[in-house]
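The sequence and the coordinates are shown first, and the description follows.

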Amino acid sequence: MTSASRLSAAVAGTSGVEPPSVGGAVVFALRRDLRVALRSRAELGVELLFYVIVVSLFPLAASPSRAVLSTLGPGVLWTSALLASLLALPRLFAADFADGTLEQMALARGPLAAYASGKMLAHWLTTGLPVAVLAPLLGAQYALDGVALALLAASLLIGTPILSLLGAIGAALTLGTRGGGSLLALLVLPLYAPVLIFGAGAVDAARAGLSAAPQLSLLAAGLLLAVVAVPFAVAAAVRIALD
Amino acid sequence: MTSFFEMGGYAWYVWMAYGAVAAAVVAETFALRRRGRRALATARMVREAGGDADMHAIDSGGAR
Amino acid sequence: MIVNWFRYASPVSFYPLAGRLARGFGALAAVFAAIGLWIGLVAAPTDATQGDAYRIIFIHVPTAWMAMIVYVAMAFWSAVALGLNARLSAMMAQALAPTGALMAALALWSGAFWGRPTWGTYWAWDARMTSTLILLFLYLGVIALRQAIDEPRRADRACAVLALVGVVNVPIIYFSVRWWNTLHQGSSISLTAAPKMAMIMLAGLLVMTAAAWCYCIAASLTRVRAIIVERERGSGWVASLIGIGTSP
């Protein structure tokens with residue numbers, strides 16, 4: 001059975017097809033979105049390239065001096081990660097909204113929050129995770145030492161999933177509205193502020209030779225809270241958009 | 001009297017702050033009054049034009 | 001005699017009540033403001049350290065508090081609108097947003113003009129000012145989302161979700177900004193270090209806060225009346241309203 005027809009069957013509740021469990025729904029949405037994303041690898045590459053370019057632009061605007069750069073570095077690398085996360089958000093739900101799949105997910109007997117979680121996970125895997133991997137390499141441009149780079153990677157690994165989760169709320173709320181990406185950014189960026197503060201703060205702590213444990217634990221706690229709570233908010237927002 | 005306006009040398013700061021609030025209150029009051037009148041006037045126009053179905057041409061931009 | 005409050009849950013019945021309440025609270029606001037301004041600008045003594053510049057506190061603190069309170073009120077009515085699918089509650093939330101945004105903007109403006117003479121800079125990245133700035137962005141987001149969605153009921157629900165997500169985040173944002181600020185406390189700027197309060201200064205603050213609170217209620221009730229007419233104009237009772245001409 002193709003995935004689309006499996007979904008339709010789940011909606012219809014036809015015999016022989018079990019309604020997806022929570023885990024099943026997550027995996028279903030995850031695999032579907034990953035397959036779509038990997039088909040357009042160029043688009044993913046462009047988003048990463050955006051991250052690289054933005055990060056490389058800041059020194060041109062400021063100064064190539066090592067002192068300035070190492071002070072700016074954590075903030076720049078983190079803020080650019082925020083912007084890169086924003087780039088991919090509009091298309092998180094847009095395609096499925098347009099072709100009716102999203103409506104099927106809402107009607108299906110698997111929980112919509114689970115489908116949404118799968119999609120958000122796919123978004124992170126294709127946007128946040130590559131940024132977290134790439135950032136330490138770019139961090140070398142900013143005269144950050146090994147410890148700081150390691151903490152940069154760690155803070156991004158914990159923080160970028162939160163960005164995907166919170167961003168999905170904005171993406172769902174702005175489905176099919178005017179204003180597009182800018183409206184989405186306006187809604188989402190204030191919510192991103194605490195993640196930015198603690199994420200960049202962790203790297204700053206490393207630079208100052210202090211422990212980054214408080215920041216990382218707060219980020220981790222935020223991630224746990226978001227993983228549990230946000231999918232339901234996203235599901236509610238999607239249902240509102242579908243009505 | 002002049003000492004009141006001079007505010008011990010801090011006149012600029014104090015009056016910019018208080019003045020902004022006064023201006024905002026006045027502006028909001030007038031804006032709200034105008035919005036209320038406009039809403040009633042548009043409702044009247046809609047009625048006379050025969051209902052919301054014909055509304056597109058005379059929609060005043062749908063002030064929210 | 002028990003008033004059936006649910007009678008006022010319909011826009012039709014609420015409209016005239018809102019008008020009476022708006023006028024009442026507006027009058028109260030004017031009285032409180034007159035007293036508060038007299039205390040703040042005339043009666044309260046000049047501060048020893050900050051001079052007369054400290055008088056901005058009678059603007060800054062009330063507006064900052066109202067920015068927060070109005071957001072919580074907006075979130076409350078949003079929750080009611082979502083939970084009970086109540087149109088009027090959603091309209092109330094819609095009406096509160098611009099007033100709250102204005103309060104936040106005035107708090108930032110007055111804070112800047114207080115900061116310059118007192119701490120030497122118009123903008124100090126202290127915790128409360130930064131949090132108020134983000135609060136302003138949250139308000140603008142709700143307003144922008146409302147403008148972007150054409151269908152009113154969908155806009156109601158979307159803005160309600162956004163307001164609730166925001167209200168959960170406000171304490172988190174405040175906590176994180178405060179943490180960030182204490183960490184980078186290079187200067188000794190602390191906008192929480194207001195001048196030691198003589199009783200009369202405290203009285204002035206309370207009166208001005210009452211004035212701001214009454215003003216916000218009056219402004220949002222007036223706005224909700226306009227919203228009711230805008231959104232209910234197809235209904236028969238608006239027709240009779242127009243027949244009468246202006247508000248009852």
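## Confidence of the model

pLDDT is the predictor's confidence in each residue, on a scale from 0 to 100. The structure described here is a predicted model, with an ipTM of 0.87 and a pTM of 0.88.

For chain C, the mean pLDDT is 87, and 90% of the residues of chain C reach 70 or more. Among the elements of chain C, the highest mean pLDDT, 95, belongs to helix α2 (residues 57–84) of chain C, while the lowest, 72, belongs to helix α7 (residues 236–244) of chain C. Over residues 186–190 of chain C, pLDDT stays under 50, and the model has four contacts beyond four places in sequence for this stretch. Residues 244–248 of chain C likewise stay under 50 in pLDDT, with four contacts beyond four places in sequence. Where pLDDT is low, the predicted coordinates should not be read in detail.

## Packing of two helices in chain A

Within chain A, helix α7 (residues 112–139) of chain A packs with α10(A) at an angle of about 105 degrees, and the axes of the two helices are 8 Å apart. Angles of 65 to 115 degrees count as roughly perpendicular, and α7(A) is therefore roughly perpendicular to α10(A).

On the α7(A) side, the residues that take part are A:L112, A:A113, A:A116 and A:S117; they meet A:P231, A:F232, A:V234, A:A235 and A:V238 of α10(A). By class, the contact of α7(A) with α10(A) consists of eight nonpolar residues, one polar residue and no charged residue.

## The contact between chains A and C

Chain A and chain C are in contact through 21 residues of chain A and 22 residues of chain C. On the chain A side, the elements that give two or more residues are α8 (146–173), α9 (180–207) and α10 (213–242) of chain A. The largest share, 10 residues, comes from α9(A). The residues on this side of chain A comprise 15 nonpolar, four polar and two charged.

Chain B has two helices and zero strands. Of the 64 residues in chain B, 22% are buried.

The contact of chain B with chain C takes 28 residues from chain B and 31 residues from chain C. On the side of chain B that touches chain C, there are 17 nonpolar, five polar and six charged residues.

Conventions. Residues are numbered from 1 along each chain as its sequence is written. Chains are lettered from A and ligands numbered from 1 in the order in which they are written. This is a predicted model: local features need pLDDT of at least 70, side-chain atom pairs count only at pLDDT 80 or more; totals for chains, interfaces and linings use all residues. Two residues are in contact if their C-beta atoms, placed from the backbone, lie within 7 Å. Helices (H or I, at least four residues) and strands (E, at least two) are DSSP runs, numbered from the N terminus. Ala, Val, Leu, Ile, Met, Phe, Trp, Tyr, Cys and Pro count as nonpolar, Asp, Glu, Lys and Arg as charged, and the others, Gly among them, as polar. Axes are lines fitted to C-alpha atoms, for helices over the stretch in contact, and angles run from 0 to 180 degrees between N-to-C directions. Angles under 35 degrees count as roughly parallel, over 145 as roughly antiparallel, 65 to 115 as roughly perpendicular and the rest as oblique. A residue is buried if 20 or more other C-beta atoms lie within 10 Å of its own, exposed if 12 or fewer, and partly exposed in between; C-beta atoms are placed from the backbone.
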